[in-house]
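Hi,

Here is the structure I promised to pass on.

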Amino acid sequence: DQSSSAKLSKLVDDFTQSKRQPSAPHSSIMVLLQVVFSAVRHVQRTSSKFVALKVMHRIALFSSDDIRLQRIVPFVTSLLQDSEPIVRASSISVLSSVLATVASFPPSDAQIFPKYVFKKVAHLITDASLIVRVAFAKNIAILAETAL
């Protein structure tokens with residue numbers, strides 16, 4: 001009927017003109033990330049960790065800067081210590097890609113590169129695995145450029 005159509009139209013107009021972002025996507029992303037984080041903590045197979053890193057990377061593309069910096073980056077950096085070379089190599093690639101998508105670093109994260117990121121990736125330059133050293137060499141320029 002005409003009145004419900006008018007009400008719906010008004011709601012859509014109010015929503016699209018609002019400056020607030022809807023909270024559902026943020027909440028949904030957080031729930032999805034928690035599922036992925038939990039799964040990675042409990043998997044044994046390297047392929048599962050590799051796929052989880054790819055999923056985190058995809059989720060990061062749709063996440064806010066805050067979620068990227070406060071949730072995804074710390075978890076990905078923890079995987080830089082994994083026992084499997086492919087997981088470490090993928091972690092450095094995902095880390096550099098996620099950090100490159102951050103639009104602005106808040107003042108609280110101003111020192112994230114010298115005090116956190118570079119310290120977490122420094123050991124990779126002398127990693128025993130060639131694939132990890134190659135991934136490090138490929139991504140250090142991206143990290144350095146993003147740090148500027």
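As for how the pair is arranged, helix 5 covers residues 85-100 and helix 7 covers residues 130-147, and their axes are 9 Å apart at an angle of about 10°. Angles under 35 degrees count as roughly parallel, so helix 5 and helix 7 are roughly parallel to each other. The crossing of helix 5 past helix 7 is left-handed.

Keep in mind that this is a predicted model. The average pLDDT for the protein chain is 82, with 83% of the residues scoring at least 70. Helix 5 has the highest confidence, at 94, while helix 1 (residues 2-17) has the lowest, at a mean of 52. I'd also flag residues 18-24: the pLDDT there is below 50, and beyond near neighbours in sequence the stretch has one contact in the model.

One more spot to look up is Ser-63, in the loop between helix 3 (46-61) and helix 4 (65-78). Is Ser-63 buried or exposed? Its relative accessibility is 7%, and buried means under 20%, so Ser-63 counts as buried. Leaving out residues up to four places away in sequence, Ser-63 touches Ile-29, Arg-68 and Ile-72.

Cheers

Conventions:
Residues numbered from 1 in each chain as written. Predicted model: local features only at pLDDT ≥ 70, side-chain atom pairs only at ≥ 80, totals over all residues. Heavy atoms only, no water. Axes fitted to C-alpha atoms, helices over the stretch in contact; angles between N-to-C directions. Helix = DSSP H or I, 4+ residues; strand = E, 2+ residues; numbered from the N terminus. Parallel < 35°, antiparallel > 145°, perpendicular 65-115°, else oblique. Left-handed = near helix turned anticlockwise from the far one by under 90°. Buried < 20%, exposed > 50% of the residue type's maximum accessible area, 1.4 Å probe, protein only. Contact = heavy atoms within 4.5 Å. pLDDT = per-residue confidence, 0-100.
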